[in-house]
Amino acid sequence: HLWFTVMCVFQGRCAEDLYKGIQSSDSGVRCDSLKQLADVSTDITFAQEFISRDGHSLLVQIVEEDKESCLIMTHTLTGFMELMDHGIVSWENLSSAFIKKIASFVNAKVQDASIQRLALAILENMVLSSNSLFQLVRQEVTLERLITHLQVTNQQIQTKAMALLMALLQTAGEVDRQNIIHSSGPVGDEMAHYLYVLQSVTLNLLEPLMRTPLDSYNQDQRDMLHNLRQLAFETESEGSLSNERRRSLCAKEFKKLGFSNNSNPGQDLVRAPPGLLALDTMTYFASRYPDAYSRFVLENSSREDKHECPFARSSIQLTLILCEIFRIGEPPSETRSDFHPIFFSQDRIFNELFCICIQLLNKTWKEMRATQEDFDKVMQVVREQITRTLASKPTSLELFKNKVNALNYSEILKLRQTERLHQEETLAPPVLELKERLKPELLELIRQQRLNRLCHGTLFRKISSRRRQDKLWYCRLSPNHKVLHYGDVEEDTETPPIETLQEKIPVADIKALLTGKDCPHMKENKGKQNKEVLDLAFSITYDVEEYSLNFIASSRTDFCLWTDGLSVLLGREMSSECMRSELEILLSMEIKLRLLDLENVPIPDAAPPVPKPPSNFNFCYDFSQTEQ
């Protein structure tokens, strides 16, 4: 007790001496007093004595007036920080003038490094102490300036700037986060680069984990592995089991978890990257979203071995993919500006993205009906789903989750097909216009081919009600395209001469072309014809009495050729699937031939503007004059 009393008296005298020395008119005395203050303020007894004399207000006054040298200001800020760390005086008691002056030290382009470092630390404490101070600091400190501090060579300033940035983002709600990021209005190129640097520097904090392989002898890491297993499976009390039984049970459950090395699962995490970062993401998912984790593991445990999606193997590969997408481990580029707004929407964004993407992976696995052999294909699709979604710049995790889940496997296939066509430039507006111009010529070519096929003729079989196949008959078009000739033929007949076909139907008398169930011979045998026959049946009606000639083609190709040919004779459009396929093939071939000389030459979407006509046309060269 006596010693305590002596110390209080001593600290009181010291506080009184320094209080007077700080107010001295001699700058040397002021500097020495403030330097000593910075050293002794770590002692709480001295701090109480000095603050009881309102000494902290004296320091605030020195900062607000900002008339002292850099050295004196450094000692002042150091002493102030030490005094405030004791929690005797509330940060909220500080004046707005003091806060603005501290912020000006941070915003100044030319400033002593020690003063900037201390100013950054003071602002960080303000932000974390209360919401009102957070709002004041947010208004005074620009994000561009803070990110500039991240690019300096002084590591202490880099660290303090990062600490203040994180404090601002963590204290802010989602709306305030967006306001901090977009506080200067639309994101320009320079601002985008600053945000990219912040994103890169922050994500690179994960690099040590990513580069560190799992240590099988590290008890903490082994406990994390076993915790993954215990969270997934409700096992009987392991304490009552023999060592052999316990090892067998663990190996079985680690296999269900998707580890390749069941007896020593840590071997799966020896590869670095992703190293311990993969274990960290798995543990985060299992503890933060236990229901989703259990559902993932148990759902795949109940599938056949070849169809189960291995959680551990998938998680390790997914973590590596996310590291590659975010370029973790690479220093920030001096020119890039492709930041992701989602990065600023959430704490532990990397882990949260992993939690969404591992569930997406399981969903995609089921959509692709994948087996173990398809693992790499599934991971390629998942990588594409993530990169395409991030390219749309989602601003929140919820938006990312909705978009990435909407981008299912079938949508990825459609996008790939569309992009392939774009790469071939078959969807460029000028190429589409060229296609439309080529269509009439190619359709005419198909029409002529159909008429030529009708002129060659085709062998058909008659179908009676008594037996399925009765007789053969042949039908062909006259060379002048005016008459259809048909008649019965023998089995071994190939192409009978047109004169041997006794029956005739003038094309001018044909009234309609019917197909499928609308055909008279299909109506007569209603309910007896299968779908295959219906798909091959067609008829033509002719004369005023509406007679009909009924056909059943031997194949779908013959059906298309004849229905197209008869449509041409009747002056109608061809509509068969064969025609559409042939037209597409011909168009593709013709386009490729015409664009052969333009390979690797980009085709603009719009034609270049036609220049205005000249003011006069007096530029004709007179060839009649004899050259001298």
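How many helices and strands are there in the protein?

**Figure 1. Overview of the predicted model.** This structure is a predicted model. The protein contains 27 helices and 7 strands. It has 628 residues, and buried residues make up 44% of them. The accessible surface comes to about 34500 Å², and carbon and sulfur atoms account for 50% of that surface. When contacts between residues at least 6 apart in sequence are considered, 66% of them join residues at least 24 apart.

**Figure 2. Close-up of the largest cavity.** A search of the whole structure finds 1 cavity of 30 Å³ or more. The volume of the largest cavity is about 30 Å³. Which residues line the largest cavity? The lining consists of Leu 203, Phe 326, His 340, Ile 342, Phe 343, Ile 349, Phe 350 and Leu 353. Sorted by class, this lining has 7 nonpolar residues, 1 polar residue and no charged residues. Helix H19, which spans residues 349-367, gives the most to the lining, with 3 residues.

Figure 3. Phe 296 is part of helix H17, which covers residues 290-301. Is Phe 296 buried or exposed? Phe 296 is buried, because its relative accessible area is 3%, and a residue counts as buried under 20%. Leaving aside residues up to four places away in sequence, Phe 296 touches Cys 309, Phe 311, Ile 358 and Asn 362. The view may also include Ala 232, which is 64 residues from Phe 296 in sequence. In space, the C-alpha atoms of Phe 296 and Ala 232 are 9.1 Å apart.

**Figure 4. Close-up of Cys 578 and Cys 560.** The cysteine sulfur closest to that of Cys 578 belongs to Cys 560.

Figure 5. Is Cys 519 buried or exposed? The relative accessible area of Cys 519 is 0%, so this residue is buried.

Terms used: Residues are numbered from 1 along each chain as its sequence is written. This is a predicted model: local features need pLDDT of at least 70, side-chain atom pairs count only at pLDDT 80 or more; totals for chains, interfaces and linings use all residues. Side-chain values use heavy atoms; hydrogens and water are left out. Buried means under 20% relative accessible area, exposed over 50%, partly exposed in between (1.4 Å probe, protein chains only). A disulfide is a pair of cysteine sulfur atoms within 2.5 Å. Helices (H or I, at least four residues) and strands (E, at least two) are DSSP runs, numbered from the N terminus. Contact means heavy atoms within 4.5 Å. Accessible areas come from the Shrake-Rupley method with a 1.4 Å probe; for residues, only the protein chains shown count as cover. On a 1 Å grid over the protein atoms alone, a cavity is a set of points where a 1.4 Å probe fits but cannot get out, and a pocket is an open set with protein on both sides within 12 Å along at least five of seven lines; lining residues have an atom within 4 Å of a point. Grid points are joined across faces, edges and corners, and a volume is the space filled by probe spheres set on the points. Ala, Val, Leu, Ile, Met, Phe, Trp, Tyr, Cys and Pro count as nonpolar, Asp, Glu, Lys and Arg as charged, and the others, Gly among them, as polar.
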